[in-house]
Amino acid sequence: MNRRTDMTLRSHGESRREHSAGRPSVPITVLARTGPATDLIRLLAADVETSVIGSVETIASAGLLGLVRSGRAHATSPDVASHPDRCVCCELRVDLIDAVRRAVLVRTPPQRLVIVIDQLPSSGEDPPRSSDEADVVTALHTLQSHRELERLTHVDGLVVHVDGRTLSTRLTCGITPWSGREEAALAIADHIAVSGADLLTASALSRVMRWLEGINSVGRILRASEGEEGRQGLFDLRAWHHPHAKPVEGVPTIESLRLRGAARSSESSVKTIVLRRPDVLDADAALGWLRDLVAEEPCRLLRVKASFLIGGGERLRVCGVRSTIRSSAAATPSPGRARGESVVWLVGRGLDPHSISNGFESIERTQ
Amino acid sequence: MTALAGNLLTTAIVDSATELPDAVRLVRWSRKGRLLAVAADGSALVGHGGQITPPMTPDARDAAWLGEAALVIADPMAGLVTAGVDQLGPVPLLGAHRIGIHRGHTVVAGDGRVAVFDRGFSSEPHVIATGTGVSHACTHLGGVLWAIGGTRGLALVDVALGCVEEQIEIPGVVAMSSRGDLGRLVVSDLAGSIHVVELADPSAAVELCSHVDPVRHLSLSPDGDTIVCADDDELTMWGIGVDGSGAEEPLCVFSHEGTISALDQAENGFLATGDDQGVVHIWSPLLPGYPVATLHLEGEVTALAWDVSGNRLACGSVTGQLSVVETRAGCIA
């Protein structure tokens, strides 16, 4: 096989991130539903400048079939490809690539795209291995790793819908609320919308919220609300892009997470690892460590966010899904924050917190 | 030398310009030079200066002329939408993605199968299971042999016998181009690789090169010796040896400032590329390093198609602008 060095030098991380001339990048909201969630879909699609992508069943059940004819809804069904064949970390939803292109490459592009992912019930605790599954991580990975989509769109956030009554009942009965894909989706969400919260007692709701906060330490967890206010609350999320979307004080440490993870479930369950260092780190070394980690754990790692404190009053921000990471350097918001710390959030299955922590501690300081 | 100098003096003059109601999604020429342009809203322009039809289909994926007076559009939801044939309503063929015509056979590639219609759509099609998943590319290789590329691989299908002649493990096929008369097929996949398949020994496909991203725009030159592919802002031309192996050093050209969004090569070797800034470059086969003519459209170029003669180029943009350009190589007195 002939390889061209001049082309391979331009890696995914350094790809040109230009958008079509004169056409703004369209924000995408990914909605993962664990139940019908028709109200939420209708709420998101209420704006005439919003287009919806989903399965025919999703569009039909939300009463939005009429939007297909007017070009505001695009039916698709999971078409998953991977390279090499059957490699989970390289899986892409090819149908989403086509659907997003068709939705955006029109004379008047939509102001927002909503992609509805149906979370099919999983049968066991094992992570998904089949290419036929339409899991949220694959969808998110597709949207953030494909350059054509990156040119036309950007992911604004992942909203995961949870039926509060179902979750409360399961927690009360001692049943594992969800496993596999659902747990992964909850752990990497930018926003968890809990419906049916009004029907729960204060203590039951508090228990539900605590359980969700234990799974997701980055995104927002709020009751699903209606009307324009509720709709706007689902936009401009980007919790996994901002370095401090949540107060750092609220983030559990690596030790507490290790204990909680051990107490809660087996090795296959999803864990969040948060690492901190007060040092000013060497940017190349920090990025190199993260890239090595992604290369070593592509099937286990689901979502990554990092904010490295580097020299010159700057931070190196990194966000990624599975095997794709993006980095950008930015000045710290205020001189006071520059003396802060480097923070890394990692969500994955079967991650070894100690080896990851050791690797993080071994990153060289800036000279 | 005279021919090269002539090509340097190539002119490209806009012959006609039309505005479609939405972005131009597909452009197809008939053998005798009739134009079909389908917009994103499903409306279509048929023939020069012809009427623009109301929306024919909600999600046009591919289209083809059936002779000079009839056409067919493939839509995964609606099936096959026809015009000019004795057919009431769409032919229900769910999942139809790609369509090809050859000697009266209409080959429709869908979800893991191929439907073959003989002489019209009145009778039931002959359906062949390909095992390639959703079809993303379909090309005629010559005679009764077709190549179908899909999510799960590449299949060479004999439509006369109704069977898959060869299955090749190239998952995630993105685009294909063939010169059946020369027995050569090139395929790009999701990993960014380009594979050269010699039909004499299809199982011995050569992986020619590895791009960072999938190559959506791919063409094989009329003499079958050069692969032209576009990736981001870069146009790459690979020479191929008789055994299908690639040249060590391809020619890389960076003439587009934007991302290349459309590409088509004429039977006479002229090439057209368009980018997301509305720039269309025309390239001569004798002068591959520099464009010989340049045009500007409003908005991203979404479709390019040469007619059979290679003298007329149809260019469509995301704004609905559709221009037909007359190109002429210059002459040295």
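Reply: A residue is called buried when its relative accessible area is under 20%, and exposed when that area is over 50%. The model discussed here is predicted. Side chains of opposite charge can pair when their charged atoms come close. Over all chains, a search of the whole structure finds 26 salt bridges.

One of these links A:E150 with A:R326, at 3.2 Å from N to O. Helix α7 (residues 147–152) of chain A holds A:E150, while A:R326 belongs to strand β13 (residues 324–331) of chain A, so this pair ties together parts that are 176 residues apart in sequence. A:E150 has a relative accessible area of 8% and is therefore buried. A:R326 is likewise buried, because its relative accessible area is 10%.

A salt bridge also forms between the side chains of A:R151 and B:E300, with 3.0 Å from N to O. Since A:R151 lies in helix α7 of chain A and B:E300 in the loop between β26 (287–296) and β27 (301–306) of chain B, the pair joins two chains. Both A:R151 and B:E300 are buried.

In a further salt bridge, the closest N and O atoms of A:D279 and A:R365 are 3.2 Å apart. A:D279 is in the loop between β10 (270–277) and α13 (283–296) of chain A, and A:R365 is in the segment after α14 (353–361) of chain A, so parts 86 residues apart in sequence are tied together. Here A:D279 is buried, at 17% relative accessible area, whereas A:R365 counts as exposed, at 52% relative accessibility.

Finally, salt bridges that share partners connect A:R101, A:E148, A:R151, B:R216, B:D276 and B:E300 in one network.

How values were computed: Residues are numbered from 1 along each chain as its sequence is written. Chains are lettered from A and ligands numbered from 1 in the order in which they are written. This is a predicted model: local features need pLDDT of at least 70, side-chain atom pairs count only at pLDDT 80 or more; totals for chains, interfaces and linings use all residues. Side-chain values use heavy atoms; hydrogens and water are left out. A salt bridge is a side-chain nitrogen of Lys or Arg within 4 Å of a carboxyl oxygen of Asp or Glu. Helices (H or I, at least four residues) and strands (E, at least two) are DSSP runs, numbered from the N terminus. Buried means under 20% relative accessible area, exposed over 50%, partly exposed in between (1.4 Å probe, protein chains only).
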